[in-house]
Amino acid sequence: MNKVSYTTASNIATSPGIVSIVIPIYGALHLVKKCIESVFQHTYWPYELILVDDCSPDDAVRDYLKSLEGRQNESNKCVSLKIIFNKKNKGFAPTCNVGMRAGTGKYFCVLNSDVLVTPYWLTKMVIAIEADK
C-alpha cells in the first residue's frame, strides 16, 4: 500500500527552510518603497531579504536603502537584511546573480522591485514546492 503524505503549513513550519528573497533595484524609489514594505508586512515565512542596488542614478534610492538597516527586527520572520550596492551598473540578470550569491536560504525568490506581495504569498509558494517533492 502506498503511503500518501500531505504537506501543510503546520508540518512545514516545524522545520522551515529560510527563503532568500532577492530584489534587484534600479531607480523608481516610489515603487521600491512599496515593494519592500509589502514584503515586510505580508511575509510570514522565515526569510532573508537581499536588496541589490544596480547603481541607481538617484541618490534618494541609496539613502532609502541605507535607512533600512536594522528594519528586519520590525518583521518577526525576517532573519537577515542584506543591502548590496553594485559599483557599476551590471544589468538585471547579473544583479540578480549578485544577490543570489549573497543568499544562504534553502530556497530563492527573485522579486522585481515593482511587485506588491499579498498576505501569505511566500508561505503558499513554499507549501507548493514542498508538496511537489
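Which side chain of opposite charge is nearest to Asp 53, a residue that is buried yet has no salt bridge?

The nearest side chain of opposite charge is that of Arg 62, which is 4.8 Å away. In this count Lys and Arg are positive and Asp and Glu negative, while His and the chain ends are not counted, and a salt bridge is a side-chain nitrogen of Lys or Arg within 4 Å of a carboxyl oxygen of Asp or Glu. Buried means under 20% relative accessible area, exposed over 50%, and partly exposed in between, with a 1.4 Å probe and protein chains only.

Asp 53 lies in strand β2; helices (H or I, at least four residues) and strands (E, at least two) are DSSP runs, numbered from the N terminus. Apart from neighbours within four places in sequence, Asp 53 is in contact with Ile 25, Val 61, Leu 65, Ile 84, Phe 85 and Asn 86, where contact means heavy atoms within 4.5 Å.

## How the model is read

This is a predicted model, in which local features need pLDDT of at least 70 and side-chain atom pairs count only at pLDDT 80 or more, whereas totals for chains, interfaces and linings use all residues. Residues are numbered from 1 along each chain as its sequence is written, and side-chain values use heavy atoms, with hydrogens and water left out.

## The salt bridges

A search of the whole structure finds 2 salt bridges. In one of them, the side chains of Lys 82 and Glu 48 meet at 3.3 Å, N to O. This pair links distant parts of the chain, since Lys 82 is in strand β3 (residues 78–85) and Glu 48 is in strand β2, 34 residues apart. Lys 82 counts as partly exposed at 23% relative accessibility, whereas Glu 48, at 2%, counts as buried.

Glu 130 and Lys 106 also meet in a salt bridge through their side chains (3.2 Å, N to O). Glu 130 lies in helix α5 and Lys 106 in the loop between α4 and β4, so the pair ties together parts that are 24 residues apart in sequence. Glu 130 counts as buried at 17% relative accessibility, while Lys 106 is partly exposed, with a relative accessible area of 47%.

## The two faces of strand β4

Strand β1 (residues 19–25) pairs with β4 in the parallel sense over 4 bridges; two strands pair if DSSP finds at least two bridges between them. Within this pairing, Ile 21 stands opposite Cys 109.

Met 100 is found in helix α4 and counts as partly exposed at 33% relative accessibility.

## Loop residues with positive phi

Most residues other than glycine have a negative phi. Cys 55, although not a glycine, has a positive phi of about 60°, and its place is in the loop between β2 (47–53) and α3 (59–67). Tyr 120, also not a glycine, has a positive phi of about 65° and lies in the loop between β4 and α5.
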